[in-house]
Structure formats: structure tokens, C-alpha cells
Amino acid sequence: MSMNVYGIRAIYKFEMARTGRTLMQSIAWPVISTCLYFIVFGTAIGGRLGEIEGVSYGAFIIPGLIMLSLLSESISNASFGIFFPKFSGTIYEVLSAPVSAFEVVAGYVGAAATKSVIIGILILITARFFVDYDIAHPFWMFGFLILTAVTFSMFGFIIGVWADDFQKLQIIPLMVITPLTFLGGAFYSINMLPEFWQKVTLFNPVVYLISGFRWAFYGIADVNVGVSLAMTLLFLFACMTAVWWIFRTGYKIRT
Amino acid sequence: MQAIISVKGVGKTYAGGFTALKSVDLDIQRGEIFALLGPNGAGKTTLISIICGIVNPSIGRITADGHDIQRDFRAARSKIGLVPQELSTDSFESVWATVNFSRGLFGKAPNPEYIEKILRQLSLWDKKDSKIMALSGGMKRRVMIAKALSHEPSILFLDEPTAGVDVELRRDMWEMVRGLRKSGVTVILTTHYIEEAEEMADRIGVINHGELVLVEDKHTLMRKLGKKQLAIQLQNPVSTLPESLHAFTLEVADEGNQLIYTFDTQREHTGIAELLRALNQQGIEFKDLHSSESSLEEIFVNLVHQNQNERQLVG
Ligand SMILES: Nc1ncnc2c1ncn2[C@@H]1O[C@H](COP(=O)(O)OP(=O)(O)OP(=O)(O)O)[C@@H](O)[C@H]1O
Ligand SMILES: [Mg+2]
């Protein structure tokens, strides 16, 4: 039998409907909170800062702010999407349905990534009200946007499978991802750091994401864009391998 | 006739090391209603969960409609509908959305007319736009049945479908199950209400401590293991039984006003004629006779106890 397209569609629709029900918290809040960043950093403080590599500070932080939301939203959405059925017991239906691992992931991760991309675009549009910006490479901008959304939705899916209580669900985004994004060059160019910290920063994967994304906007980058792309793909590949392993072994899904 | 579900040597040891099933062999015939009986923790849900793909078997092979449930999971699972024991539903979804979701998940193209039909059959049509959390427990159970039927399965598993369901709804469900069988659906149900198995099932399987103790046609089972009793209402009470009646399995009851004769229905000879003659010879007069048959419940309790005693002997 061929692929269960109706199955993917059912999961995708279900997840998008869940987003629709919680529009305020799932879409509006990320956009509003980003506006606050623009007002504080872009307009109030940024006005007193000079340009960074020829880009106004307000414009400079746009890619980083989008990444910030993209990562946290992708992870929280996808992890909750699979965690909740496990928690409530409704997962029995997905487990007993004629859907393959690929189809399950396509449905859950696809929906989470779609939502993140929508949020990213909304932030981009909102930013326009605060600062002027150009997008040098729109194709790559969307490329990085989608690639990052998919990768981190998949990462969120893994966290959702792994977590067996609400605390575990929160701990990785809170304790790992948030610090990494703040220290990943969202608000500064890593060239502004002392040399030692520049080296340390290179161990932070988020640096590559933000740098690549910023390059797509302004043609400036902390690390070579090819390296950024390679690192993103590498992380995507690592997540795919983990998901493949989860389904193969039934880890925390099938007893 | 080829079995629609064939379970061969299936066992399950959970991660903690507990063996919930020990090498079960079972064939379910196409179109039958099969009742799985057993005390709490016997392994009924485990067996069903394995067949439906929710739990991985530790050992053994299963085919559903000729398809291996692991190698050919798509074909196998698309034939099967499951109503699990636990009421787990998506509280925030509407009835309509959740039933259509199930149909899609099982790979079927949308068919609103069909979904409408099953919602009407289950008296859920006027609730189709309600959120599930606003429904009563019995209604939720029906929503889960609607979900299980949404993809037109040819095999339906009902894991304690009538737990916590009122008498009227229980009758409705029995009616529905009979209707399904008429349309060719094979139904496997578990229940703690023996009355239910007695009423519905064509065949009965008894499972205890992860072992299938017995599988038998319902009528054969009741004939074979059922005991009949004859209650003899006496004219005058007796204190002791005369010697000549010791050959019969007689019990004195009701302060000597009643004799209870237990006999095996399987034996060709019930011995009733001889007993009555013997009573006559002893001059014991009776005013009333009345016979009763043991219910499936008594048979079941006996079986499980017997099984327990054997285990104790072995262990
Ligand atoms: N995930 C699990 N991990 C460990 N043990 C389990 C698990 N699920 C069930 N068991 C154990 O396996 C045994 C069989 O459980 P099962 O749910 O199959 O029983 P059952 O016959 O359906 O009982 P009931 O009539 O109460 O529903 C029980 O002793 C139970 O504690
Ligand atoms: Mg059970």
C-alpha cells in the first residue's frame, strides 16, 4: 500500500486546529513580545547605538529576534503536540492507525513548522512598523526560515517523546535553548566579543543559525554562510536520526 | 474457514520484567462475536493492545485478515477498529471533528454521509458540534465507538464497552453489536459482565494469569461445564437421609424441607428417574420440583478458581 496521505492530513489539520483554538497564546504572544524587544532594543536603546557593519542596530537585531521566536515556538509546539496525546492517552489511536513513522512525523512536525514560519513572517511584517530593512537574498531567507523551523520542530518532537512530565517538557527549552539563543549573537555581532569568547561562541550551534539568517538579510555574517547551512543541515540530520531510532525501538511510545 | 485473526505463540513481558501474557494461541473466526473473559489483570487488554499495534509482543506472530500485523501493518491495521478500555478523548475537539479525524488517520477519504449515519445510530447526531468535554461519560464512550467505526473496519475490538454504562445504553450497545455482526463485522469484546457474554457471544475465551485457559463455543461450554440442579420441595421435613439415597449427590436444605440434587448435564443419564423412584420407595413425598441451570458466571468463577488451585499446586 502507498503512503497514507489522509493520515498525514488528519494529524496536520488536528494540530493546526489546536493552534487556531489558542490563537492568542500561540500566535499573538510571540509577535507582541517581539514588538517589545523592538521598542526597547531597536528604538529606545538602538537609537543611541551606531551601525553594525553598515546596518542600523534596529535592523541588525531583526534576524536574531525572528530566530529566537522560531526556535522556542518550534520546540514548544512540536513537543506539546506529541506530549499531550501521550499524557492524555489519546495516542492509542495514532499507534493503532495504519500510519508509518514518517507520516506521523510529517503531520506533527509539519504542523509545528508551519506555525513557526507563520509567526516568523508575522514578526518580519511587524518589524517593518519599527525599522527599515531590506532583504538581500529572499530565497535564502525563506530557505533558512523553513529549514530552521523544520529542524527545531523535529527537535521539539524528540523532547515531547522523551518527556514524561510537564517539567521535563519545559526544561530543555528553558535551560538550554533560551541561553544559547541569547548568547548566539541575536543582539550583537560576535566580532564584538573578546577573542577568547569568540572561540567559545563557535561551540554554540545557534550562532550558525543566526549568522546564516542575517546573511540572507544583509549579506553580513559572523561565520561563512556555507558553514551555517552545513551546520543547520547537520542538526536536521541528527534529529532525523534520533526520530528514526525512536520509532525503530518504540522508545517511550510503544511498550 | 480461514481465521480472520490468528494469534500464534504470543507472549508479553513488560519492561519491568512482569510477564502479562504467556504464549497465547487463538483463532478468531470471520463474522463471530468472541468474548474474552478474565479477572482484573488477566491480560485481556494486553492481548488486544498487541493485536492492535499499541503494544509490541515479546514473542509470537499475529495476522489480521491474512496480513502480518508487523510486516504488513498498514493492511492489517486498516481492517481493525478499537474502542479501548480507558476513556481518553480530546476534550477540546468537537464530536464531528474527532470522528472525522479518526477516519482520515486510518487512510480513508472523507465521507460525511457515512459519519452522519454512525453518529445517528449512536444517538450522537444532535451532539455533533459539542465539545467532547461537555459530554457525559456514556456519551464519550459512544464517541469512542463512533471513532472506531469511522473507517469501516471489518474487525472491531471492544475493551469493556459497557463499563460504567447504564442498563438502557448497554442494551443499545448489544443491539448495535448484533447489527454489526449482521453486516459481517467480526467483534471481539472483553467484559466483566458475564451476562453480557452469555447474551452476545458465539464463542468464549477465558484468560487468567496471562494464559488462555479455555476457548469454547458458548452453548457447548454451558452444556459441558454447566451443572443442573433439581430442587425437591418435600411434604414433610427430613432430618437424615436414608442409606439408599447416599448414592445420589443430594444436599439437604431449608431445614430439611428441601433436597437439592446436582447432576451433570453432559452425562447421558441424569438419574432423576432413579432418584424419584428411590424417594418413592422410602416414602418421602414431595410437593414440588424445580430445576435450574448454572449460569456462565458460575462456570467462569469455577474455572478461574480451578486454575488458581492448579497454579498453587504447581507453584
Ligand atoms: N505498561 C505496563 N507495564 C507493566 N505492566 C503492565 C503494563 N500494562 C499492564 N501491565 C500488567 O499486565 C497485567 C495484565 O494487564 P491487562 O491490562 O492486560 O489486564 P486486563 O485483563 O485487561 O485487566 P482488567 O480487567 O483490569 O482490564 C497486569 O498485571 C498489569 O499490571
Ligand atoms: Mg483491561
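Buried means under 20% relative accessible area, exposed means over 50%, and partly exposed lies in between (1.4 Å probe, protein chains only). This is a predicted model, in which local features need pLDDT of at least 70, side-chain atom pairs count only at pLDDT 80 or more, and totals for chains, interfaces and linings use all residues. Residues are numbered from 1 along each chain as its sequence is written, chains are lettered from A and ligands numbered from 1 in the order in which they are written, and side-chain values use heavy atoms, with hydrogens and water left out.

**Stop 1: chain A**

Select chain A, which has 10 helices and 0 strands. Helices (H or I, at least four residues) and strands (E, at least two) are DSSP runs, numbered from the N terminus. The C-alpha atoms of chain A fill a box of roughly 60 × 35 × 35 Å along the principal axes. Of its 255 residues, 52% count as buried. The accessible surface of chain A is about 11600 Å², and 72% of that belongs to carbon and sulfur atoms; such areas come from the Shrake-Rupley method with a 1.4 Å probe, and for residues only the protein chains shown count as cover.

**Stop 2: the sheet in chain B**

Move to chain B and show its strands. Here 6 strands form an open sheet in the order E6-E7-E8-E3-E9-E10, with mixed pairing. Two strands pair if DSSP finds at least two bridges between them. E6 and strand E10 (211-217) of chain B stand at the edges with a single partner strand each, so one side of each has no neighbour in the sheet. On average, neighbouring strands of this sheet are turned by 15° against each other, direction ignored. Axes are lines fitted to C-alpha atoms, for helices over the stretch in contact, and angles run from 0 to 180 degrees between N-to-C directions.

Next, select strand E9 (residues 203-208) of chain B, which is joined to E10(B) by 6 bridges, the two running antiparallel. One bridge partner to look for is Glu211(B) in E10(B), paired with Asn208(B).

**Stop 3: Ile207(B)**

Stay in strand E9 of chain B and pick Ile207(B). Is Ile207(B) buried or exposed? Its relative accessibility is 0%, so Ile207(B) counts as buried. Ile207(B) touches residues including Leu21(B), Leu36(B), Ala42(B), Lys44(B) and Val213(B), not counting residues up to four places away in sequence. Contact means heavy atoms within 4.5 Å.

**Stop 4: two loop residues**

Go on to His209(B), in the loop between E9 and E10 of chain B. Phi of His209(B) is near 50°, a positive value in a residue other than glycine. At 32% relative accessibility, His209(B) is partly exposed.

Then select Glu160(B), in the loop between E7 and helix H6 (167-182) of chain B. Phi of Glu160(B) is also near 50°, but Glu160(B) is buried, with a relative accessible area of 10%. Most residues other than glycine have a negative phi.

**Stop 5: the magnesium ion**

Finally, select ligand 2. Which residues coordinate the magnesium ion? They are Thr45(B), through OG1, and Gln85(B), through OE1, at 1.8 to 2.1 Å. Donors are N, O and S atoms within 2.8 Å of the metal (3.2 Å for Na, K and Ca); water is not among the atoms, so sites may look incomplete. Thr45(B) belongs to helix H1 (residues 44-52) of chain B, and Gln85(B) to the loop between strand E6 (80-83) and helix H3 (95-105) of chain B, 40 residues apart. Thr45(B) is partly exposed at 30%, and Gln85(B) is partly exposed at 29%.
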